[in-house]
Each structure stands twice: as C-alpha cells, then as structure tokens.
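Please keep the sequence and the structure at hand while reading.

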Amino acid sequence: MAALDLFLNNKFSDALASLQAKTKESMYHALTYATILEMQAMMTFDPQDILNAGNTMKEAQATCQKFRKKSTVADSINNLVHRQSLEHFTEEEIHAEICYAECLLQRAALTFLQDENMVSFIKGGIKVRNSYQTYRELDSLIQSPHYVKGENHLHFEGGVKLGVGAFNLTLSMFPARILRLLEFVGFSGNKEHGLLQLQEGASSYSFRSVLCTMLLLCYHTFMTFVLGTGKGNVEEAERLLKPYLARYPKGAIFLFFAGRIETLKGNIDAAVNRYEECCEAQQYWKQFHHMCYWELMWCFTYKRQWKMAFFYADLLSKENTWSKATYIYMKAAYLSMFGPDDCSPFGDSEVELFRIVPSLKLKIAGKSLPTEKFAIRKARRYLSSNPIPLPVPPLEMMYIWNGYAVIGKCPNLTEGMLGTLIEAEEALARSSATELLADDQCVIKLLKGLCFKHLGKISEAEDHFNYIYLNEKKIKYDHYLIPNALLELAILYLDQDRREEAIKLLERAKQNYKNYSMETRTHFRIQAALHQAKSAPENGTHSGASAVS
C-alpha cells in the first residue's frame, strides 16, 4: 500500500524503486510493479514500453505461479467447494490465484497491442479465457457457505470484485453481434452486476479499491460518452473522486479526472484550469501531459478558439506516438477554420498537412486505429491537384468523440457552434457544385441537428436527421452518416419517451448498414441506446444476479 501511495502522489520513480526490490519474492509487489509499467505502455503506445511491460508482467506471473497450489484452479476450488474442506487451499494460494488471473488479463491486453499476427490474437484470447474462468471459480468460492475469511480477505475479495466487475461491465457494452460470438464460447456480461461489484470493490478498504474506483471513473466519464449515448453518471463520478482528490490534491491521475468531470458538466474554463494544474503537478510521466493536451484541444474546440486547439494538436503531433495521422489531420482541420486575416502559427499549409496524413498510417495489433482510418479517408480528397475542401473537419471529428453531448450543457457554446455550421452551410451553397456536395451537406445537417436537439428545437433536429436518411442515395463516400443519423434520431425519440419508434430506428441502423467509417463505435452506441430503451421502467428492470458466477 505504501508504494501505491507514492504512485498516487506522483512519486512514480520512488514507487517503482520500492516495488522492484521485492518483485521476485512477493506476488503483490510483482503485480503492482508490472501494472504501473503497463499503465505507462498503454499511454505511450511505444513498442519498447509495450515490450518491457509484457516481459515484466510475464515475470510477475511467474512469481505468482510459485505461490499457487500445484494443480489447476478449477480442480482445486471444486474440491474446496464441493468437498467442504478448507485444508486443500491456503489463504496464500487463494491470493496467488487472483494475482495470477490479473497477470493473465493484463498480458492479454498487451498481446493485442504488441503483435500483428493471428497466432498472437489466439494467444491473447486464451489468456482472457483462462482469466475469466479463474474469476468465475473464485467468485463461486466467495459465494460458498464454506468460504472462510482469512486475515487478508478484503484484498482477495477486492480482487474478485475488480475482475468480475470489469468482465461484466466490459462484456455488457459489446455490440450484439460480437456479444453473441462471445457467449458462444462461454463469456457473458451483466452491466448492473458489473457496476455493483466495482462499487463494492471501490468502497472497501483493499489494495484494489483504487483500481475499482479508476475503472468506474473511466466508465462514467469516458466509455459512456465515447461508446455510449452521452448520459454518463457524472454525479457518481464526482462522489467517487472526492475522497481521493482530498487525500491527493496534486495527484495527476485525479486532477485529470477532475478536469474530465468539469468538461462533462459544461464548465469548460474550470476544466482547462484542472488540466493545466495536472500538467504542472508532475514532470516524470509526460504521458499524463499528453492526455491533458488531448482534452485541452477539445476544450478549445468547444470554445471555437481554433488557434489554441491547433497549438495542442501541434504539441501532440511532436511529442506523442499514439496516432501521428490523427494529430496532423487535426492540425490541418484547425487551419481550415482560420479566418482570412489569421496567420498560420508555424507557416504550415492546410492542404500539405492533409496530403501527408495517409502516409502516417500506424498499425496496432495488425489493424489501423478507427479514428486514424477515418482521418485518412477524409484527407484523401486533398490528394488531387484541385482538392475539394472539407466544410467543417474539426466539428465533424468532434462528433466522432461525442463532443456535442458536452457543449449541449452550455447553450451559449451550442449556439456559437450552430452559427459556425450555418456559415459553413451558406458558404457551401455559394460555391460551385461538386460530386461531394451531398456528402458535405449531410455532414453539416447531422451536426446542426445535434445543436438543434440540445437547444430544445426538437422538430428542427428531427427534420435535419431525416434529411440525411432521405438523401441516402446521393451520398458518395460518407456512408457512416446514414446509420448515425438514424441513431441520433432514435436517441431524440428516447428523450421524448417514444421508445417503440426509437427501437425500430436502432434496429434499422444496426441491421441495414455495414462497412462504413467508425462502424464498431457506432454499434457500441447503438447497443447502449438499445439498453437504455429496453431498460425503461415499464419494460421491467434488469436483474442484478451474477453473470460470471
């Protein structure tokens, strides 16, 4: 716990040093040390960091193996539960199982990041499967009337709640077509049960309580917005964060989440202050700075301060390796919004920047990042000698990250964005017609529709979303617009309690369209909207029974 305290106080090197000395003899020291390195790898996407983290997690797994009972976990725990005998399993061996399961799960995540061939995907899948089965068995153990709590039972039970909660919550979010495949091979997930397990884990005083809290914070402030309908439980996130922010007022992790919460509340200036505070709090892990730069870029996008947004996109393009193509695309996108009297900060050319985007394509786990593929597709129109400019590229990318759910909290920001979109629409009407006219018109219609929705102009929003669906056959390249227009119209209907109509639109969007940009993310959002529609009070409430037990 002391090393964890150092880590949360931004003393990252001290935390690693205190852990490293005992990684060969203590499974918890080994697991924590490897987890910190994995967090760093996840933030940098640097191949060497990923390799180092993978090797360290493999060593942590070997340390855990030394403390495990010399038989399979399923056999051991079945003996323990069904023969009603505790002598087969010591407390140390039970802790070894939970640590081993965590190592498997984290190694699987790194395998997906690191390698590009199918064999690696199969290896990663096997690790996930073994980890999942272990958590199921350990959860059964806790539910057994013959389970006897050991001296450190809170840490063990916290580990089970973390694993069971994470699996249930994550699996419940998958689109139906992926979920059916996962259920076929033995996986299942229940959102309510997952949240409950993580909440219980977060409220207990255990080694893993902070990890449960961080996962819940990620869910409420990121996953429900980027992969959901934008209706995250910000109040719950604030409640979870408050005690940690009080104890670690300069903790970079918690300052970052504080900034994200302010963003989602629509307090953009307060969010900017929090992100800047987070950057000033520590200098050891620049990755935290990069996460803040990304959020600051969007904060200034919401405020339509294009030069400041460009500044942070430029910083990211020079310092971070996650997706150079996306960062350069955003630089070009912001330049396209500059007025005729604005000077390019570094003499960059909008067209030249767009033209180099396709050459910066990066593959992670054998596939390009969806956001990067989207940016590359949009930038291709600049490859011709006489390119047709994109009408509002940063505002379109803002939709991909569900930014309109953020500015929807602030009528003045929404009205300002609507004004910019109207200007772009008028400019498009004045320009010569091109083969991409319908695509560009429909992009603006989608974004205007979102602004109208958040301003309470429901009929105008409905007309704009329907316009896209009615002009489907005229769209040449931006086919993602049709299912997303249906999705947004369905969410609008859900807000009006028109559930049956909403479900029909969601099913149409899910079944009738494929092979379009950001398809998986759209399906995640469709699944979230369907869950919302089918969780309505008159349709009954979901059971909180365990799906991993």
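A crossing of two helices is called left-handed if the near helix is turned anticlockwise from the far one by less than a right angle, and right-handed if it is turned clockwise. In this predicted model, helix α14 passes α15 in a left-handed crossing.

Two packed helices are described by the angle between their axes and the distance between the axes. Helix α14 covers residues 268-281 and helix α15 covers residues 286-302; the angle at which they pack is about 160°, and their axes lie 10 Å apart. Angles over 145 degrees count as roughly antiparallel, and α14 and α15 are therefore roughly antiparallel to each other.

Which residues make the contact? On the α14 side they are Ile-268, Ala-271, Val-272, Tyr-275, Cys-278 and Cys-279, and α15 contributes His-289, Cys-292, Tyr-293, Glu-295, Leu-296, Cys-299, Phe-300 and Tyr-302. By class, the residues of this contact between α14 and α15 comprise 12 nonpolar, one polar and one charged.

The helix pair belongs to a protein with 27 helices and two strands. The radius of gyration of the protein is 25 Å, close to the 24 Å from the globule rule for 549 residues, so the protein is as compact as a globular protein of that length. Its C-alpha trace spans about 80 × 55 × 45 Å along the principal axes.

Of the 549 residues in the protein, 56% are buried. Among contacts with a separation of 6 or more, 68% are between residues 24 or more positions apart.

How values were computed
Residues are numbered from 1 along each chain as its sequence is written. This is a predicted model: local features need pLDDT of at least 70, side-chain atom pairs count only at pLDDT 80 or more; totals for chains, interfaces and linings use all residues. Side-chain values use heavy atoms; hydrogens and water are left out. Axes are lines fitted to C-alpha atoms, for helices over the stretch in contact, and angles run from 0 to 180 degrees between N-to-C directions. Helices (H or I, at least four residues) and strands (E, at least two) are DSSP runs, numbered from the N terminus. Angles under 35 degrees count as roughly parallel, over 145 as roughly antiparallel, 65 to 115 as roughly perpendicular and the rest as oblique. Contact means heavy atoms within 4.5 Å. Ala, Val, Leu, Ile, Met, Phe, Trp, Tyr, Cys and Pro count as nonpolar, Asp, Glu, Lys and Arg as charged, and the others, Gly among them, as polar. The radius of gyration is taken over C-alpha atoms; the globule rule is 2.2 Å times the number of residues to the power 0.38. Buried means under 20% relative accessible area, exposed over 50%, partly exposed in between (1.4 Å probe, protein chains only).
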